[in-house]
Amino acid sequence: MKQRTSLAALLLALLFPLAAGAQERAERPLITVTGEAEMRVVPDEVYFDVSVQAFNRDLKAAKAQVDGRLTNLVEMTRRHGVAARDVQTDYVSVSPRYRGGSDARQLLGYSVRKDLAFTLRDVSRAEALLSELMESDVTRVNAIDFRTSQLRKHRDEARAMAIRAAQEKAVALTKELGQRIGKAYSIEEVAPSAGPMSQNALAQNVSRSVGDGEDSSGTLALGQIRISARVVVRFELQ
């Protein structure tokens, strides 16, 4: 019995400081603010993803057709200054095609598809490259994304701006109440409510302008990439 009593007393002695600490933290006067920042940068590279496809009754013939078209496409990227390290085969597919039901189906041939992804780092050549792609054996343009090679740098800058915005907001709010903020109690980065204006949105715009049947001249407007940051900061009140 004494052992049980001693054990209970020991547990209470250990848990009491934890409970007291938790209560103290919960009652600590805090102010919570959100800081947001947005910056726009001009893209300095363009990412292309295209497909080359062929169909033939003979699998080797279909593959040879696709490989030949892909070779021509790679040579095209070289002429426009795309480095070899920025070109890669992104997807490969071989699909047999049949006619008729499962009991008496007949093999018609094979569809072979390969995707090529490449990054053009001289954006001044993007328009000419796209025009040549439209006149080539490319089956489909899957994506055209405008990007920046300094994304990490710009994200860090936007995050720092968001932190400063949160601090300035906290100072302004507490000043109206005759108080001041102390040190930051917690900092949390939150995904912005709206995504970057980004590459996907711009790529969709390009796809529409290229596919509308009009002259492709002037269809690539680089615009700007929106990079944003949002943080939630809790400051101690003094």
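Student: Which residues does Lys114 touch, not counting residues up to four places away in sequence?
Tutor: Val50, Ser51, Val52, Val66, Asp67, Leu70, Tyr91 and Val92. Contact here means heavy atoms within 4.5 Å. Bear in mind that this is a predicted model: local features need pLDDT of at least 70, side-chain atom pairs count only at pLDDT 80 or more, and totals for chains, interfaces and linings use all residues. Residues are numbered from 1 along each chain as its sequence is written, and side-chain values use heavy atoms, with hydrogens and water left out.

Student: Is Lys114 buried or exposed?
Tutor: Buried, because its relative accessibility is 15%. The cut-offs are under 20% relative accessible area for buried, over 50% for exposed, and partly exposed in between (1.4 Å probe, protein chains only).

Student: What joins the side chains of Lys114 and Asp67?
Tutor: A polar contact of 2.7 Å. That term means a pair of N or O atoms within 3.5 Å; within protein, one must be able to donate a hydrogen and the other to accept it, and residues adjacent in sequence count only if both atoms are side-chain atoms.

Student: And where does Lys114 lie?
Tutor: In strand S4, residues 106–120. Strands (E, at least two residues) and helices (H or I, at least four) are DSSP runs, numbered from the N terminus.

Student: New topic. How many helices and strands in the chain?
Tutor: Five helices and seven strands.

Student: Which residues touch the most other members in the largest nonpolar core?
Tutor: Phe48, Val50, Leu73, Leu116, Phe118, Leu129 and Leu133, out of 23 residues. Strand S2 (45–56), helix H2 (59–79), S4, helix H3 (126–134) and strand S5 (140–147) each supply at least two residues of this core. Such a core is a set of buried Ala, Val, Leu, Ile, Met, Phe, Trp, Tyr and Cys residues joined through side-chain atoms within 4.5 Å.

Student: How many aromatic pairs?
Tutor: One. Rings of Phe, Tyr and Trp (its six-membered ring) pair if their centres lie within 6.5 Å; planes under 30 degrees apart count as stacked, over 60 as edge-to-face and the rest as tilted. The Phe48 and Phe118 rings have centres 5.1 Å apart and planes at 15 degrees, so this pair is stacked.

Student: Which parts does the pair tie together?
Tutor: Phe48 lies in strand S2 and Phe118 in strand S4, so the pair links parts 70 residues apart in sequence.
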